[in-house]
Amino acid sequence: MKRTSYHHGDLRATLMDACLRLIETEGLAAVSLRRVAREAGVSSGAPYHHFADRAALLSALSIDGFQQLAAELAASRAAAATPLSALTDLARTYVQFSRTHPAQFRLMFRPELSQPEKHPDAADAGDAAFQILADTVAECVAAGVLPADRADTLAVAWWGLGHGLASLWLDGHLEKRSEQMGTRAPELVDAIMQAFTTLVTPRGGA
């Protein structure tokens with residue numbers, strides 16, 4: 001087998017990229033370390049330098065995805081004019097991330113990778129991404145635009161709404177519904193999040 005060119009330090013990233021391509025083209029069931037090695041153009045034993053088994057490789061991809069997502073969410077929050085407007089921006093960023101990294105996004109939320117007792121690092125990475133949303137809700141509470149007694153509930157609600165929209169878009173349903181409504185999916189996402197903001201803020205949003 002012809003080996004692709006890579007530096008030894010890039011082998012881990014090369015294998016992760018190959019795994020994502022395999023998931024995108026053939027689905028998660030096709031993933032094995034041997035198959036990933038073949039897709040990457042390396043020896044069958046090469047993956048074991050970085051991953052003990054298939055689960056370790058998938059967990060690493062999940063961690064990488066949550067870290068990328070957290071970085072994009074943090075940048076979105078930093079650019080927002082107010083904490084309340086940031087919540088719509090965070091949802092937009094979350095949905096866009098799912099569109100840019102569909103295979104990785106789906107993998108990040110696989111039930112077998114969401115068990116902290118089996119994959120603590122993946123769980124920690126997911127918690128860190130969610131914390132950006134929770135902190136933004138807390139800033140809204142401090143600013144007096146969201147009720148303190150519902151802060152935790154509202155953080156989960158924003159996440160659930162954003163994740164639901166992301167899933168609907170990935171499965172093609174959101175674009176279909178947007179066309180029926182005479183709009184586009186990105187605009188519909190913003191409109192939904194802004195409507196939700198109006199519903200949950202005591203003074204109808206800000």
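This is a predicted model: local features need pLDDT of at least 70, side-chain atom pairs count only at pLDDT 80 or more; totals for chains, interfaces and linings use all residues.
View 1. Helix 3 (54–79), helix 4 (83–100), helix 6 (120–142) and helix 7 (151–170) each contribute at least two residues to the lining of the largest pocket, and helix 6 gives the most, with 7 residues. The pocket has a volume of about 420 Å³ and is lined by 22 residues, among which F66, F109, G126, F130 and W159 lie nearest its centre. By residue class, the lining divides into 17 nonpolar, 4 polar and 1 charged.

View 2. R35 is buried, with a relative accessible area of 17%, whereas E39 is partly exposed at 33%. Together with E26, R35 and E39 are linked in a network of salt bridges.

**View 3. The salt bridge between R92 and D190.** The side chains of R92 and D190 meet at 3.0 Å, N to O; R92 lies in helix 4 and D190 in helix 9 (residues 185–200), so the pair ties together parts that are 98 residues apart in sequence. R92 counts as partly exposed at 36% relative accessibility, while D190, at 18%, counts as buried.

**View 4. The salt bridge between R99 and E175.** The side chains of R99 and E175 meet at 3.8 Å, N to O; R99 lies in helix 4 and E175 in helix 8 (residues 173–180), so this pair ties together parts that are 76 residues apart in sequence. R99 is partly exposed, with a relative accessible area of 34%, and E175 also counts as partly exposed, at 34% relative accessibility.

Terms used:
Residues are numbered from 1 along each chain as its sequence is written. Side-chain values use heavy atoms; hydrogens and water are left out. On a 1 Å grid over the protein atoms alone, a cavity is a set of points where a 1.4 Å probe fits but cannot get out, and a pocket is an open set with protein on both sides within 12 Å along at least five of seven lines; lining residues have an atom within 4 Å of a point. Grid points are joined across faces, edges and corners, and a volume is the space filled by probe spheres set on the points. Helices (H or I, at least four residues) and strands (E, at least two) are DSSP runs, numbered from the N terminus. Ala, Val, Leu, Ile, Met, Phe, Trp, Tyr, Cys and Pro count as nonpolar, Asp, Glu, Lys and Arg as charged, and the others, Gly among them, as polar. Buried means under 20% relative accessible area, exposed over 50%, partly exposed in between (1.4 Å probe, protein chains only). A salt bridge is a side-chain nitrogen of Lys or Arg within 4 Å of a carboxyl oxygen of Asp or Glu.
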